[in-house]
Amino acid sequence: MALDQSFVGRTYPPTEPYEVGREKIREFAQAVGDANPVYTDAEAAKALGYPEVIAPPTFVFSLTFREAGQVVEDPQLGLDYSRVVHGDQKFAYTRPVRAGDRLTVTSVIEAIKSLAGNDILDIRGEVHDEAGEHVVTAWTKLVARAAEEG
């Protein structure tokens, strides 16, 4: 059954703040194989004008995807997560994520489409710091595969 189009535009409450740790940034950079010292060395970051180490651009995915769970787990939406694959991801930064940031995410259902029996769900995650300043917008596209016949 196709997802309900009336959910487009639905906004979920902001998450509790997530404090970005220097060690989490280092671990993430190591996991993705990015040896840029700006991710691990505060002096290298300061030399480039940052007050603290910054996170690789895709670091915020771990936060926004987890918080998109509010959408995915919404029983009224009726998404069958067992059939979901991650279709796409985009980011638009106002500034880099820094160690020490306390970030909240507000998830919004931006679009719902049906294509060949598949449901395509676009979720926008607005990420703000403790002062309420915008840090990054992340778009996640999820595809719920059509149920197999028979």
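Visitor: Arg66: buried, exposed or partly exposed?
Guide: Partly exposed, with a relative accessible area of 45%. Keep in mind that this is a predicted model.

Visitor: Which residue forms a salt bridge with Arg66?
Guide: Glu67. The closest N and O atoms are 3.1 Å apart.

Visitor: And Glu67, buried or exposed?
Guide: Buried, at 13% relative accessible area. The cut-off for buried is under 20%.

Visitor: How many salt bridges does the count come to?
Guide: The count is 12. One of them pairs Glu52 with Arg22, with 2.7 Å between the closest N and O atoms.

Visitor: Where do Glu52 and Arg22 lie?
Guide: Arg22 is in helix H1, residues 22-31. Glu52 is in the loop between helix H2 (42-47) and helix H3 (60-67). The pair therefore ties together parts that are 30 residues apart in sequence.

Visitor: How accessible are Glu52 and Arg22?
Guide: Glu52 counts as buried, at 18% relative accessibility. Arg22 is partly exposed, at 42%.

Visitor: What about Glu23, which side chain does it meet in a salt bridge?
Guide: Arg26, at 2.3 Å from N to O. Both residues lie in helix H1. They are 3 residues apart, about one turn of the helix.

Visitor: How accessible are those two, Glu23 and Arg26?
Guide: Glu23 is partly exposed, at 41% relative accessibility. Arg26 is also partly exposed, with a relative accessible area of 30%.

Visitor: Switching to the fold. How many helices and strands does the chain have?
Guide: It has 4 helices and 5 strands. From the N terminus the order is β-α-α-α-α-β-β-β-β.

Visitor: What does the C-alpha trace span?
Guide: About 60 × 30 × 20 Å along its principal axes.

Visitor: How much of the chain counts as buried?
Guide: 42% of its 150 residues. The accessible surface comes to about 8200 Å². Carbon and sulfur atoms hold 52% of that surface.

Visitor: What share of the contacts join residues at least 24 apart?
Guide: 69%, among contacts between residues at least 6 apart in sequence.

Visitor: Last one, on charges. How many are positive and how many negative?
Guide: The chain has 15 positive and 24 negative charges. Their mean positions are 2 Å apart.

Conventions. Residues numbered from 1 in each chain as written. Predicted model: local features only at pLDDT ≥ 70, side-chain atom pairs only at ≥ 80, totals over all residues. Heavy atoms only, no water. Salt bridge = Lys/Arg side-chain N within 4 Å of Asp/Glu carboxyl O. Helix = DSSP H or I, 4+ residues; strand = E, 2+ residues; numbered from the N terminus. Buried < 20%, exposed > 50% of the residue type's maximum accessible area, 1.4 Å probe, protein only. Contact = heavy atoms within 4.5 Å. Areas by Shrake-Rupley, 256 points an atom, 1.4 Å probe, with all protein chains shown as cover. Lys, Arg positive; Asp, Glu negative; His and termini not counted. Charge placed at Lys NZ, Arg CZ, Asp CG, Glu CD.
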